[in-house]
Amino acid sequence: MIPVLETVLPVVALALGGWILLSALRNRPPLVLHLGALAAVEVGVLLQTAVVLAQLASGHRPGEPLAFACYVLAALLIPPLAVLWALQERSRWSTAVLGAACLAEALMMVRLGQTWRAGA
Amino acid sequence: MPEAAPTGAGPGRLLVAVYALFALAATARSAVQLGTRFQQAPVPYLLSAAAAAVYVLATIGLARTGTTSRRIALAACSTELAGVLLVGTASRSYPGAFPDETVWSDYGRGYGFLPLLLPVLGLLWLRRTATYANPSGFSGR
């Protein structure tokens, strides 16, 4: 895990989620900018996952391996699934789905760090 | 007889998304519990697995359109409400029997009480879409 990303990613995801939910409150359908925000979060998760894979290869082990693996998978899957679900309807509620996904990502990132260091 | 409105449109889109998130969280949590610590507390961990199944069924039932899906959603949301109330009360009365939290322990406190709120919203939404016109104006097919 990159320590900087571990701190920055949840904060960025939280901020983007807040902004997207605000857009939903203002009755905006999903915009390209919103999709870009989710793409940015996904890139961050991919980067972190790549680093984790490298660290696993060099012998590091997460404190709670099974839980950690679940959080990695969830963090990778949530943004694309949210986008797929949101794009089937152009309404404020789809925008809210994207915002909620960002908030969930922030939570996944925090738990990722916790389960990695657990017991250490 | 007027046809019921789809449950996955309009506000239902967000509701289904949150349900899906809980289905994912509950499934993962119960997999970890059953996979690593089953011997410690079989009953709460089996409850976790049951909760996960209920969330998965509710998500599918609400996301899809049709009478069968609506029935599945109704059954799942009702079971969920009963479950969170029963397990919530049991975990408060007999804290010793629940050494590790399940999704429904203490009325879903570990999840911001969303497990208590979700079935209520789900049931209200099912009732609303059964009698009202679809708020988003979608035909649903």
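Biologist: Hi! Which residues of α3(B) are buried?
Modeller: In α3(B), the buried ones are B:Ser69, B:Arg70, B:Ala73, B:Ala76, B:Cys77, B:Glu80, B:Gly83, B:Val84, B:Val87, B:Gly88 and B:Ser91. Buried means under 20% relative accessible area, with a 1.4 Å probe and protein chains only. This is a predicted model, where local features need pLDDT of at least 70 and side-chain atom pairs count only at pLDDT 80 or more. Residues are numbered from 1 along each chain, and chains are lettered from A in the order in which they are written.

Biologist: What do they pack against?
Modeller: The buried residues of α3(B) pack against α1 (11–37), α2 (42–63) and α4 (114–131) of chain B. Helices here are DSSP runs (H or I, at least four residues), numbered from the N terminus.

Biologist: New topic: how many residues of chain B are in contact with chain A?
Modeller: 18 residues of chain B are in contact with 15 residues of chain A; contact means heavy atoms within 4.5 Å.

Biologist: And how much area do the two chains bury between them?
Modeller: About 1300 Å², 79% of it on carbon and sulfur atoms. That is accessible area (1.4 Å probe) lost on putting the two parts together, summed over both. B:Arg13, B:Leu14 and B:Val32 supply 44% of the area that chain B buries against chain A.

Biologist: Which side chains meet in a salt bridge?
Modeller: Those of A:Glu89 and B:Arg13, at 3.4 Å, N to O. The rule asks for a side-chain nitrogen of Lys or Arg within 4 Å of a carboxyl oxygen of Asp or Glu.

Biologist: Which helix gives the most to chain B's side?
Modeller: That's α1(B), with 12 residues.

Key:
Side-chain values use heavy atoms; hydrogens and water are left out. Buried means under 20% relative accessible area, exposed over 50%, partly exposed in between (1.4 Å probe, protein chains only). Helices (H or I, at least four residues) and strands (E, at least two) are DSSP runs, numbered from the N terminus.
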